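Here is a short note for a colleague who has not looked at this structure before. Please read the points with the model open.

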Amino acid sequence: MPETLFKINAKEYILPGNRSCQGCGLSLAYRMALKALREKTIMVIGPSCLCVLHGLYPSTAVMVPGLNTTFASAGAAASGLVAGLRALGRDDETVVAFIGDGGTFDMGIQSLSGAAERQTDFIYVCYDNEGYMNTGTQRSSATPLGAITSTTPLLAKEEHKKDLVRIMEAHEVPYIATANPAYPIDLYDKFVKAKKIKGTRYLHLFIPCPPGWGFPPKDTIRLGRLAVETGVFPLFEIENGRFRFTGRSRALAERGHKIPVSNYLERQARFGRMTPAQVQVFQQWVDRRWEEYVRRAEADAKHFSP
């Protein structure tokens, strides 16, 4: 049964005073993820904002062990940890790779794909702030159309964001889910579910970044909610091939109404150079994907019904 605000794990696994930025969406998501994962969890961390949050050795702000690895090797490092733990008979420990979009979409996709193809028994989390935020706000293949970054300073990014969820689904992993710290109970429930499943599980988190995206830290939750309300980042899960909306996205799909993407774009400095024509292209891209999701949800509800 899904948890409620009054039933989630009360224990905290992140100590006060960590080095994350003010208004950091990652720190909010990571707090809820750790509450769901609980003890006997080992994290694999690539070079990223999460390294900053964890802290510099020998100090740390996090109450679970973590292995720092290179950008490209998170999937391989996690696979090695799983093999080592199983060889020692420690089958009750969960290995979780918690990696940014640069280390997932770009440099790390080969080791992630290899692990998923082998159905390695671990959870892979991509926390997606749509760029290399820890190293200077450079463009990644997760950066959306129209966004200004330090490596696209004049014309902004000209390509749409890579659809990594579809790439992961092609590996036929047993569980895929999207989540957003603006909807913490939905996020918590998905981590609880993922921990109970065997094989490779992939969770994709939407992580608003105030300094990288150009919005006030107080608006992190507002941006997260707008991403869902506009259909830019729908909440869903794919379990053994069945697609279904969750949380607020399920309500939007049933109601048949979402708000224009301009409500989301206009609150971020990184989209400040978008023309009305580019906003329209972005809207069309969101609408097409949303309609595909709605059709699939309806078809899967009929196909998988008892």
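1. Start with E39, which is partly exposed because its relative accessible area is 40% (buried means under 20%, exposed over 50%, partly exposed in between, with a 1.4 Å probe and protein chains only). K11 is also partly exposed, at 42% relative accessibility. K11 and E39 form a salt bridge, and their closest N and O atoms are 2.8 Å apart (a side-chain nitrogen of Lys or Arg within 4 Å of a carboxyl oxygen of Asp or Glu). The two sit in distant parts of the chain, 28 residues apart: K11 in the segment before α1, E39 in the loop between α1 and β1 (41–45). Helices (H or I, at least four residues) and strands (E, at least two) are DSSP runs, numbered from the N terminus.

2. A word on the source. This is a predicted model, in which local features need pLDDT of at least 70 and side-chain atom pairs count only at pLDDT 80 or more, while totals for chains, interfaces and linings use all residues. Residues are numbered from 1 along each chain as its sequence is written, and side-chain values use heavy atoms, with hydrogens and water left out.

3. The salt bridges number 26. One of them joins R139 to E159, with the closest N and O atoms 2.9 Å apart. R139 is partly exposed at 33% relative accessibility, and E159 is partly exposed at 37% relative accessible area. Another joins K190 to D186, at 2.8 Å between the closest N and O atoms. Both K190 and D186 are buried. They lie four residues apart in helix α7 (residues 184–196), so about one helical turn separates them. A network of salt bridges links R86, D91, D121, K198 and R201.

4. Now the sheet. Eight strands form an open sheet with mixed pairing, in the order β2-β1-β3-β4-β6-β5-β7-β8 (two strands pair if DSSP finds at least two bridges between them). β2 (66–68) and β8 (242–245) are at the edges with a single partner strand each, so one side of each has no neighbour in the sheet. Strand β7 (residues 236–239) runs antiparallel to β8, joined by four bridges. F236 stands opposite F245 in β8.

5. Is helix α9 (residues 220–229) largely enclosed or open? It is largely enclosed by the rest of the structure, because seven of its 10 residues are buried. Among them are L223, L226 and V228. The buried residues of α9 pack against α1 (25–37), β6 (201–206), α8 (210–213), α10 (247–255) and α11 (262–265) (contact means heavy atoms within 4.5 Å). Just after α9, G231 takes a positive phi of about 85 degrees.
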